[in-house]
Amino acid sequence: MISPVGSHMDANIRRIFDLEGKVALVTGGGSGLGRGIAEGLAAFGAAVSVVDVHLAGAEEALGEFRRHGSKGLALACDVTDSGQVRRAVADTVDRLGRIDILAAVAGIADRNPAEQMTEEQWDRVVEVNLKGVWLFDQEVGRHMITRGGGGSIINMASIVGQVGVLTGNANYAASKGGVIALTRLLAIEWARFNIRVNAIAPVQFRTPLVTSLIERKPETLDYFLAQIPLGRLGEVWEIVGPAVFLASSASSMVTGTVLNVDGGHTAR
C-alpha cells in the first residue's frame, strides 16, 4: 500500500536522490559526458572513482570534486584491457570500500561512410564502446553479487543505437545497439541480485568529441539540429539529472530501460 503524502513519503521524498555513503565508478570520467556524470554523482554525495584512459583528465576531474569536499580517486585504465579493468575495480574497492554505482561511459567515434569504413575503424569503435562496457559491467557485477545488497549499473548508449542517421556511424551505431541489448539482458539476469541495469541514450551533446566534429565539418551542426525537435545540442550539465536518477533510490523500480536524453529526436 502506498504511504500517503504527508506521512512516510513526505518525510523521505526529498532524500531519494541522495547518494551520501555510496561509491560510484565512472569510466570515461575525465572528459565530456563522463566527467559531467562523475561531477554530478559527487555533488549528490557519492565518492567517485574517476576512470579514464588519460590519467591527467581523471585527476583534473577529481581535483574539482575535492575542492567541494567530495571523496574519490583517479585511475588510468584502457577499458578494452580485461587486466586493467580488473585492477581498476579492485583498486576502487580497496581504497573506497565498495562499488554501489557503475556508470560505463567511455566511448569513441571514428566516422566514415559505410562503404568506405575500414575493418580497423569498425573493430576499434566496437571494442571500446561495447567490449569496454561489457568488461566493466561484468567485473563490477561480480563484485556486487559477491558483496550483496544490489547496486545500479548505468551504461552509455545513444540514439544512434535506435534510429538511422547519415553521419557515417555504422560502427558506432552497432556498438551502441549492442549496449542496449546487453543492458536489457543483464537487467533480467541480475534482477535476482537487486542489481538494476539501465542505459542512457543521449543525442548530440556539446562535448569535445562533437565540437571537434563540427569544427571539421560545420554543415554537420545543421544536420544535427534538424533532427532535434528542441532545436539545440545538449549541454553536459543536462546529463546529470538522468544519471543521478538512475543511480539513486529515486529509480528503485526501474531496470532494463533506455532513458533517451535526446530533445525529442526518437519521438519523431
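## Helix 9

Buried here means under 20% relative accessible area, exposed means over 50%, and partly exposed lies in between, with a 1.4 Å probe and protein chains only. Helices (H or I, at least four residues) and strands (E, at least two) are DSSP runs, numbered from the N terminus. The buried residues of helix 9 are V240, P242, A243, V244, L246 and A247. They pack against helix 2, strand 4, strand 5, strand 6 (195–202) and strand 7 (258–261), where contact means heavy atoms within 4.5 Å.

## Basis of the model

This is a predicted model, in which local features need pLDDT of at least 70 and side-chain atom pairs count only at pLDDT 80 or more, while totals for chains, interfaces and linings use all residues. Residues are numbered from 1 along each chain as its sequence is written, and side-chain values use heavy atoms, with hydrogens and water left out.

## Overall form

The protein has 9 helices and 7 strands. Its radius of gyration is 18 Å, close to the 18 Å that the globule rule gives for 268 residues, so the protein is as compact as a globular protein of that length. The radius is taken over C-alpha atoms, and the rule is 2.2 Å times the number of residues to the power 0.38. Along the principal axes, the C-alpha atoms fill a box of roughly 55 × 45 × 40 Å.

Of the 268 residues, 47% count as buried. Among contacts with a separation of 6 or more, 71% are between residues 24 or more positions apart.

## Surface and charge

The protein exposes about 12,800 Å², and carbon and sulfur atoms supply 54% of that area. Accessible areas come from the Shrake-Rupley method with a 1.4 Å probe; for residues, only the protein chains shown count as cover.

There are 25 positive and 28 negative charges, and their mean positions are 6 Å apart. Lys and Arg count as positive and Asp and Glu as negative, whereas His and the chain ends are not counted. The place of a charge is taken as NZ of Lys, CZ of Arg, CG of Asp or CD of Glu.

## Nonpolar cores

The largest nonpolar core has 36 residues, and those with the most contacts inside it are V26, I37, L41, V48, F65 and I200. Such a core is a set of buried Ala, Val, Leu, Ile, Met, Phe, Trp, Tyr and Cys residues joined through side-chain atoms within 4.5 Å. Two or more residues of this core come from each of strand 1 (23–27), helix 2 (32–43), strand 2 (47–52), helix 3 (55–67), strand 4 (101–104), strand 5 (151–156) and helix 9 (240–247). Another core, of 32 residues, lies apart from this one and includes L102, I153, V197 and V258.

Neighbours within four places in sequence are left aside in the contact lists for L41. On that basis, L41 is in contact with L19, A24, V26, A46, V48, I101, A243, V244 and A247.

Q121 is found in helix 5 (residues 119–147) and counts as buried at 11% relative accessibility. Not counting residues up to four places away in sequence, Q121 touches D110, R111, N112, Q116 and N171.

Helix 6 (residues 170–190) holds G178, which is buried with a relative accessible area of 19%. L182 is also found in helix 6 and is buried, with a relative accessible area of 13%. Beyond its neighbours within four places in sequence, L182 is in contact with V133, W134 and D137.

## Loops and the end of the chain

N194 sits in the loop between helix 6 and strand 6 and is partly exposed, with a relative accessible area of 49%. Most residues other than glycine have a negative phi. N194 has a positive phi of about 60° although it is not a glycine.

Q204 lies in the loop between strand 6 and helix 7 (208–216) and counts as buried at 13% relative accessibility. Leaving aside neighbours within four places in sequence, Q204 is in contact with V210, F224, I228, L233 and G234.

T266 is placed in the segment after strand 7 and is partly exposed, with a relative accessible area of 28%. The C-alpha atoms of T266 and V163 are separated by 7.2 Å, although these residues are 103 residues apart along the chain.
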